[in-house]
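Dear colleague,

Please find the structure below, followed by an account of what was found in it. I would be grateful if you would read the two side by side.

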Amino acid sequence: MVGIVSLRNNQLSTFSLPTPSPALLHKWVESPKVGQFSMALLQIGKKMAYQKVNADLRTSGHSQYLDNDDIQATAALDLEWDMEKELEDPGFDQFQPDSAETQNLGHSETLDLHLDSIQPATSPKGRFQRLQEESDYATHYTRPAPKSNRCNFFYLLKIICTATILFIFGILIGYYAHLNCPSDATPSGTNDPQLYQDILKTIKAEDIKNFFRNLVQLYKSEDDMEISKQIKTHWTALGLEDTQFLSYSVLLDFPGLSPGTITVRSTGQCFYPDGQPCRKEAGKGHSQHLLSSYAAYSAKGTLQADVIDVSYGTADDLKRIIKFKNTTNKIALLKLGKLPLLYKISLLEKAGFGGALLYIDPCDVTKSEDLSSETFMVTLNPGGDPSTPGYPSVDGSFRQRRKNLTSLLVQPISAFLAKKLIAFPKLRMDNDVCSPLELPYNEKRTISLQVQTATKFKTVTNVVGYLKGLTSPDRYIIVGSNHHVGYSYNGQEWASSTATITALIQSLMLRVKKGWRPERTIVFCSWGGTTWGNIGSYEWGEDFVKILQKSAVAYISLHSPVTGNTSLYPVVSPSLQQLVLE
């Protein structure tokens, strides 16, 4: 603490203030003005003290300036001053204690005159009293320097650098340890023809037949999970790794309680899609084969209109017809050909048609095939769950209630019924040349078309198994087939697809047991919901789209592995054409 001496009304008072910083004290001590100022104040203080003692002897009471705490506190606040500003104050230079002024200190009038310029708030007497008693106080006084943040920063930096070095060192150890680790499996020989021959030798026709028989036994099951469980159990028994189920709740379109009907207005005859006359007993049940002749996701209802033969429904065919006929709300008689069905349906919608009858011209199939009375099912779904277009049908997904995907009433019919509508008496064969079915241009046919279907949410299940690759396990070759869904009507075609992929898995796993591994990971998939537009595969692809875009190399489809004659007829993307030719 620093003592302060104050003189008011010839009364001497002392106060205490906090000690100034050592740097400020040192500045005061080195100032040449402080020495002179301190000596003068010392002499004034002695004189004032002598006068106070004499005054105390004459009075019996104490000074009220010393007894009143509030007044002392107020005086202490008044004595706060900025020492650095005091040194720079121009008025301070005027204090020059010469010999003449020192001699006049004995007279009270002179004392009062010179003390007027030394106010209590600016008097440095008390603050330098200790400096006079202990001249080397400023040099001996030390205060511990505050801790610098630089120490904490360098300490933290040291910890981070040490942890980083240890982390990198650990990665290097793991990397070189992995390189030096011997593998039990030998890498596949990509260009080894003997490997291919060994794999082909283990794929036997008898095994495919046995697999087919076992799968067909489950054909009448209405539980989709029963078929999926059978496939998963079989694949796991063969040694396939990490076989699992992936299920999705999707919107499916089923036939109604009764099949669609076509009624000729001129004769009043009613026909089912296969060409058979409609029954009068409406309450009787219909066969699954007859009910399965429908177009999934077609519009529902009844339409009476004229029939217009559009042949294969190409853009040129429609341009030619529109020039001469009104196609608004008419029913198109459309042949299935090489062009995609959905493309043709879209052209018919743009032309204003209200309905369409689909059939297969007998001239478009081989002579050995007789499809004249066969009915079939088509789907108007471009792919995936119609209620979740572009995103997977997982829990929490937003659902769109779409009962139909087209404005047309679409009904597949047999070639036998098409001939009846055209009134074509007999299929003409001139010199082994087939004459296609065609409605005469000037003839008019008016029919009433009735389509009944029902949309429901059902669960489709995919079976997925993995054969991990050796050198590039994060690169995927996907091999896909399809299996029967209990509530579909696609016959036994699915069994050939599942039997073929199962035989391939068996052959590859025999090689794996001998120490062989493929270079990349092979993903075997059996899709559900294929009948309605490859729904199972679409949903799986949308569910894992980021992984597939990054790591998928190729997809091999075994959807219809056995078709046509003995010639190989593959359909491949341009990037795989050379591979298929080789």
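Leaving aside neighbours within four places in sequence, Leu467 is in contact (heavy atoms within 4.5 Å) with Leu240, Glu241, Leu508, Met509, Val512, Arg517, Pro518, Arg520, Thr521, Ile522 and Phe524.

Before the rest, two notes on the source. This is a predicted model, in which local features need pLDDT of at least 70 and side-chain atom pairs count only at pLDDT 80 or more, while totals for chains, interfaces and linings use all residues. Residues are numbered from 1 along each chain as its sequence is written, and side-chain values use heavy atoms, with hydrogens and water left out.

Nonpolar cores

Leu467 is one of the residues with the most contacts inside the largest nonpolar core, together with Trp235, Leu240, Ile501, Ile505, Leu508 and Phe524; this core has 26 residues. A nonpolar core is here a set of buried Ala, Val, Leu, Ile, Met, Phe, Trp, Tyr and Cys residues joined through side-chain atoms within 4.5 Å. Buried means under 20% relative accessible area, exposed over 50% and partly exposed in between, with a 1.4 Å probe and protein chains only. At least two residues of this core come from each of helix 11 (193–202), helix 12, helix 13 (224–238), strand 16 (453–467), helix 18 and strand 19 (520–527). Helices (H or I, at least four residues) and strands (E, at least two) are DSSP runs, numbered from the N terminus. Helix 18 gives the most to this core, with nine residues. Apart from it lies another core, of 22 residues, among them Val264, Ile413, Leu421 and Ile422.

Packing against helix 18

Helix 12 (residues 205–216) packs against helix 18 (residues 493–513) at an angle of about 130 degrees, with the axes 8 Å apart. Axes are lines fitted to C-alpha atoms, for helices over the stretch in contact, and angles run from 0 to 180 degrees between N-to-C directions. The two helices are therefore oblique to each other; angles under 35 degrees count as roughly parallel, over 145 as roughly antiparallel, 65 to 115 as roughly perpendicular and the rest as oblique. From helix 12, Asp207, Ile208, Phe211, Phe212, Leu215 and Val216 meet Trp494, Ala495, Ser496, Thr498, Ala499, Thr502, Ala503 and Gln506 of helix 18. By class, the residues of this contact are nine nonpolar, four polar and one charged. Ala, Val, Leu, Ile, Met, Phe, Trp, Tyr, Cys and Pro count as nonpolar, Asp, Glu, Lys and Arg as charged, and the others, Gly among them, as polar.

The axes of helix 11 and helix 18 come within 8 Å and cross at roughly 125 degrees, which makes helix 11 oblique to helix 18. Leu195, Asp198, Ile199 and Thr202 of helix 11 make the contact with Ser507, Leu508, Leu510 and Arg511 of helix 18. This contact has four nonpolar, two polar and two charged residues.

Individual residues

Gly533 is found in the loop between strand 19 and helix 19 (535–543) and, at 8% relative accessibility, counts as buried. The C-alpha atoms of Gly533 and Val378 are separated by 9.0 Å, although the residues are 155 apart along the chain.

Tyr297 has a phi near 70 degrees, a positive value in a residue other than glycine. Tyr297 lies in the loop between strand 7 (295–296) and strand 8 (301–311) and counts as buried, at 0% relative accessibility. Ser311, in strand 8, is not a glycine either, and has a positive phi of about 60 degrees; at 22% relative accessibility, Ser311 counts as partly exposed.

Yours sincerely
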